[in-house]
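Here are my notes for you to go through with the model open. Tell me if anything looks off.

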Amino acid sequence: MELGMIGLGRMGANMTERLLRGRHRVTAYDRSPDAIKQVVAKGAVGANSLHAMAGALKPPRVVWLMVPAGDPVDQTIHALVAHLKRDDVIVDGGNSNYKDSMRRATMLGEKGLHYVDVGTSGGIWGFTEGYSLMIGGEPEVVERLKPIFETLAPAPDKGWGRVGPNGAGHFVKMIHNGIEYGMMEAFAEGFALIQRKTEFKFDLHQIAEIWRHGSVVRSWLLDLIAKALSERPDLHGIRPHVEDSGEGRWTVFEAVDMEVSAPVITLSLLQRLRSRDEESFADRLLAMMRHEFGGHPVKKEE
């Protein structure tokens with residue numbers, strides 16, 4: 001099967017190579033000529049414009065987007081539509097907000113085009129392990145793209161599926177990432193407690209390895225923790241600053257809107273925000289309050 005790929009960042013490039021190994025024909029476009037050259041070296045066809053990419057594909061075309069969520073997706077779609085024809089398909093494999101995906105599907109449908117939202121999980125390991133694909137779109141269109149999903153997934157019959165209409169794929173991926181936030185925070189807090197119990201002289205890497213086999217908390221995240229601790233046991237040089245991609249926030253907002261209690265996901269998001277406050281006014285004020293009402297000592301900055 002042939003398709004166009006727009007966006008050749010690390011994940012987009014890895015997905016392109018996995019598709020090429022699956023004997024799909026990929027015409028790739030990116031604003032960076034160097035990024036195009038790298039996938040051309042792997043066997044892709046390079047295109048220096050959206051017009052050239054669309055012209056290289058046989059109708060009905062399939063164009064897969066791997067660009068940052070928000071305006072970049074809208075801008076890319078707006079520029080791309082001029083080069084597409086009725087029954088062509090645009091796939092958004094990035095981390096778009098599901099409400100944006102629903103809006104885009106409606107807009108493209110009015111032009112006779114199809115839109116498929118694919119929540120994609122797997123990160124840099126997806127190239128070797130396969131990607132988890134949560135798909136939203138029209139059943140017949142998803143079926144048409146089945147060979148692509150079977151190639152990208154861990155196995156043809158595992159790790160991918162249509163979960164509902166347009167927007168459903170990115171909604172499920174949003175919740176997936178919210179759960180991920182909570183799991184990561186629980187692991188981080190647990191290992192922090194073990195690390196603080198200095199009198200037992202624990203080997204954190206050893207404990208991670210024990211938990212990886214037979215434990216109810218065994219998981220891919222724990223595998224990654226074990227790998228990280230084997231390479232850098234004290235995490236020296238790692239700054240305690242944790243970013244978020246936005247999906248955790250959307251999950252919390254959705255929980256509030258639907259009046260669903262999600263305290264673990266919410267607190268894990270707040271902990272990430274807290275990690276970025278290197279000059280915490282709140283902590284300074286807390287220390288001062290303790291001093292004022294109880295005479296507790298205040299540590300002064302040097």
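1. Let's begin with helix 2 (residues 33-40): A35, I36 and V39 are its buried residues (buried is under 20% relative accessible area, exposed over 50%, partly exposed in between, with a 1.4 Å probe and protein chains only). They span an arc of only 100° around the axis, so they sit on the same side of helix 2; the arc is that of the directions from the helix axis to the C-beta atoms. P33, D34, K37 and Q38 are exposed, on the face turned away from the buried side. The cover over the buried residues includes helix 1 (10-21), strand 2 (25-29) and strand 3 (45-46). Helices (H or I, at least four residues) and strands (E, at least two) are DSSP runs, numbered from the N terminus.

2. A caveat: this is a predicted model, where local features need pLDDT of at least 70, side-chain atom pairs count only at pLDDT 80 or more, and totals for chains, interfaces and linings use all residues. Residues are numbered from 1 along each chain as its sequence is written, and side-chain values use heavy atoms, with hydrogens and water left out.

3. Have a look at A54 in helix 3 (residues 50-56). A54 is buried, at a relative accessible area of 1%. Apart from neighbours within four places in sequence, A54 contacts R61, H83 and L84 (contact means heavy atoms within 4.5 Å).

4. Finally, G178, I179, Y181, G182, M184 and E185 of helix 9 meet V264, I265, S268, L269, Q271 and R272 of helix 13.
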